[in-house]
Amino acid sequence: MRCPICKREVSESDRDRKGSVYPFCSERCKLIDLGRWLSDKYQVPISADDDEESSSGPKSDSRDDDE
């Protein structure tokens with residue numbers, strides 16, 4: 001497997017090692033990835049259907065029928 005940041009080869013056996021930074025090759029690459037998430041460089045995509053449902057919300061009648 002390759003490190004998602006620098007593309008250096010990472011051994012699958014490193015996964016089980018204590019203190020492993022797998023799937024990254026180093027602590028530096030792990031922190032670069034974290035920084036990208038925290039600065040919103042990575043975003044989870046949403047579909048148009050999900051966006052329409054959340055913006056419309058539940059439909060309710062706000063009129064007062066106490067007249």
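The model is predicted: local features need pLDDT of at least 70, side-chain atom pairs count only at pLDDT 80 or more, and totals for chains, interfaces and linings use all residues. Residues are numbered from 1 along each chain as its sequence is written, and side-chain values use heavy atoms, leaving out hydrogens and water.

**Overall**
- The protein has two helices and zero strands. These are DSSP runs, with helices (H or I) of at least four residues and strands (E) of at least two, numbered from the N terminus.
- Of the 67 residues, 12% are buried. Buried means under 20% relative accessible area, with a 1.4 Å probe and protein chains only.

**Core**
- The largest nonpolar core has seven residues: Cys3, Ile5, Val10, Val21, Tyr22, Phe24 and Cys29. Such a core joins buried Ala, Val, Leu, Ile, Met, Phe, Trp, Tyr and Cys residues through side-chain atoms within 4.5 Å.
- Cys29 touches Cys3, Ile5, Cys6 and Phe24, not counting residues up to four places away in sequence. Contact means heavy atoms within 4.5 Å.

**Asp33**
- Asp33 sits in helix 1, residues 27-38.
- Asp33 is buried but has no salt bridge. A salt bridge needs a side-chain nitrogen of Lys or Arg within 4 Å of a carboxyl oxygen of Asp or Glu.
- The nearest side chain of opposite charge to Asp33 is Arg36, 5.8 Å away.
- Beyond residues up to four places away in sequence, Asp33 touches Ile5, Phe24 and Tyr42.

**Surface**
- Leu31 is also part of helix 1.

Technical notes: Buried means under 20% relative accessible area, exposed over 50%, partly exposed in between (1.4 Å probe, protein chains only). Lys and Arg count as positive and Asp and Glu as negative; His and the chain ends are not counted.
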